[in-house]
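Thanks for asking me to look this one over. Here are my notes, in the order I would read them with the model open beside me.

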Amino acid sequence: MKALRVPPMYKCIGLVDADLLDNGTRHPNLALLKIAGFLHDNHILFELILDSNIDLERYDHIYLSRVFTFTKLPKFYTESIGTINENKFHIGGTGFYATIESIKEFTSCRNDDMFKLEKDEYLCTLRNYRGGHNEFGINMACQMPYYHLYDAYVELQVKKGFKREKYKDYLKYSIGFLTRGCIRHCPFCINKLEKTIVPHSRLEWFLDTEKDEKNRRVRPYIYLWDDNFLAADYTIWKPLLQELIDTKQAFQFRQGLDERMLAQSSHGEEMAEMLSKARYHGDFIFAFDYWRDRETIEKALKIWKKHNPKKGTKFYLFCGFKLTEKSHDKFYKDIWELFQRIRVLMSYGCVGYVMRHEDYHKYEISNLYIQIARWCNQQQFYKKMSFWEFIYRNQSYWEENTLKIKDRPALKSFQEFEEDLKNGYYGNGDGQVKMCLPLQTVMKTLERFPQHREELLDMFNYKMVNLINPKLWK
């Protein structure tokens, strides 16, 4: 029984996805799904709180999770601090400590958060039906998620006019970790202090088997949140990958796979070959976070493309870390390295996906990151247009559809645009046309770095159809 909402006359346990209430999220919160599963096993009434204006008296306990540090905590929680109602809240999640700089403090918070629910005083009064060492209390690795937790939220959004398909991440996926841990120590990552990779959950512990009236799986796809699956020991990743393949269900490692392992592991060829035979969901996702890894990435790409010449391949491109308002040299280096990584990916027929650290907001021309992401993260633009063409198309589209200017070309080279600029077409005076924000941002960047003008223009004109080179892998 789904039990989307608990009738208001009954008391229950409240579950709060703080990120959902504040910013909205694309994915369900796995910790909350597992708490819901544990409560469901024990026949305890619970519901996902979807309104910031709630009566706290309805809830005996409230479990609040926050993934992102920039998420604002709900008013009903902040106003409870210092009152008797504060005792109802059980809070946790990476959003409470991810940006702590003190290694000692971060380690303490991380260790506390990872095991907080298994030590939770209330949960430890309830029976564990899913295995593990304890008869009472939740075992987060073994606990089956309750995948209907977000049904009420989806129904509300559909009633507002949104398409149900928009919320497929809440409806069509079994979600879990097969392994936990990493070996890379990336300073921006929540796993920066991890040293090993160990098995975590068995696939059967989170693989949903529910069928619909036509005997089809309700959740036909598998999402895996593993930190660095391919860097695990051969005796770990190989049988787990084979098990995934044997399910014949489409799966995806949502946080990406470490493509460097194809070049660095003696089993790199086997990794690429096994993945080539898998029923993978969507693009294969890897990461190209550091320009210094370019030689390893290219070596791995040759192995990958040998076995997967036609498979969609996407790379996360991390940027914007540790910027300040006036860190001009650091900003230029970061933008330069971002475009160089894009150039390498284009030459191998791969797409990029720009992942911005929150620090990018601090720089005075932070909007350039937004425009690069708008271009790069939408494949229909990335594959057919250079960054400059995308920027100018923003301008010409605005002129055509908002300003109602007729007979303007959809695309112009930068040199042709400069002629318009010299001839007084753009400006704020009578008869002049204002530049849209994307174009203003590009001009501000060129003005800020006149010594790099030609190099910037060259990078802005990188185009996949011109750079792709199958000879690199054939």
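1. First, the ground rules. This is a predicted model, in which local features need pLDDT of at least 70 and side-chain atom pairs count only at pLDDT 80 or more, while totals for chains, interfaces and linings use all residues. Residues are numbered from 1 along each chain as its sequence is written, and side-chain values use heavy atoms, with hydrogens and water left out.

2. Overall fold. The chain has 18 helices and twelve strands; these are DSSP runs numbered from the N terminus, with helices being H or I of at least four residues and strands E of at least two. The radius of gyration is 25 Å, close to the 23 Å that the globule rule gives for 474 residues, so the chain is as compact as a globular protein of that length. That radius is taken over C-alpha atoms, and the rule is 2.2 Å times the number of residues to the power 0.38. Along the principal axes, the C-alpha atoms fill a box of roughly 75 × 55 × 55 Å.

3. Of the 474 residues, 51% are buried (under 20% relative accessible area; exposed is over 50%, and partly exposed is in between, with a 1.4 Å probe and protein chains only). Among contacts with a separation of 6 or more, 73% join residues 24 or more positions apart, where contact means heavy atoms within 4.5 Å.

4. Surface and charge. The accessible surface comes to about 23800 Å², and 51% of that belongs to carbon and sulfur atoms; the areas come from the Shrake-Rupley method with a 1.4 Å probe, and for residues only the protein chains shown count as cover. There are 72 positive and 64 negative side chains, and the centres of the two sets lie 4 Å apart. Lys and Arg count as positive and Asp and Glu as negative, leaving out His and the chain ends, with each charge placed at NZ of Lys, CZ of Arg, CG of Asp or CD of Glu.

5. Helix α2 (30–41). How many of the twelve residues of α2 are buried? Ten are, so to speak the helix is mostly covered; among them are L30, I35, G37 and F38. The buried residues pack against β1 (12–17), β2, β3 (59–65) and β5 (173–176). From first to last C-alpha, α2 reaches 16 Å, close to the 16 Å expected at 1.5 Å a residue; the expected span is 1.5 Å times one less than the number of residues.

6. Around α2. N42 lies in the loop between α2 and β2 (46–48) and is buried, at 14% relative accessible area. Leaving aside residues up to four places away in sequence, N42 touches L126, R127 and Y129. M144, in the loop between α4 (103–115) and α5, is buried at 15% relative accessibility.

7. Helix α5 (residues 151–159). D151, A152, Y153, V154 and Q157 are buried here, and their cover includes α1 (18–22) and α6 (168–171). Just after α5, G161 has a positive phi of about 110°.

8. Helix α10 (residues 294–307). At 1.5 Å a residue, its 14 residues should span 20 Å, and the end C-alpha atoms are 20 Å apart, which agrees. Its buried residues are I297, A300, L301, I303, W304 and K305. They pack against α8 (260–264), α9 (268–276), β10 (284–287), β11 (313–319) and α11 (328–347).

9. Two backbone angles to look at. Most residues other than glycine have a negative phi. K248, in the loop between α7 (234–246) and β9 (250–253), has a positive phi near 60° and is exposed, at 63% relative accessible area. K322, in the loop between β11 and α11, has a positive phi of about 60° and is exposed at 53%.

10. E419 lies in helix α15 (residues 414–422) and is partly exposed, at 42%. The C-alpha atoms of E419 and A278, 141 residues apart along the chain, are separated by 53 Å.
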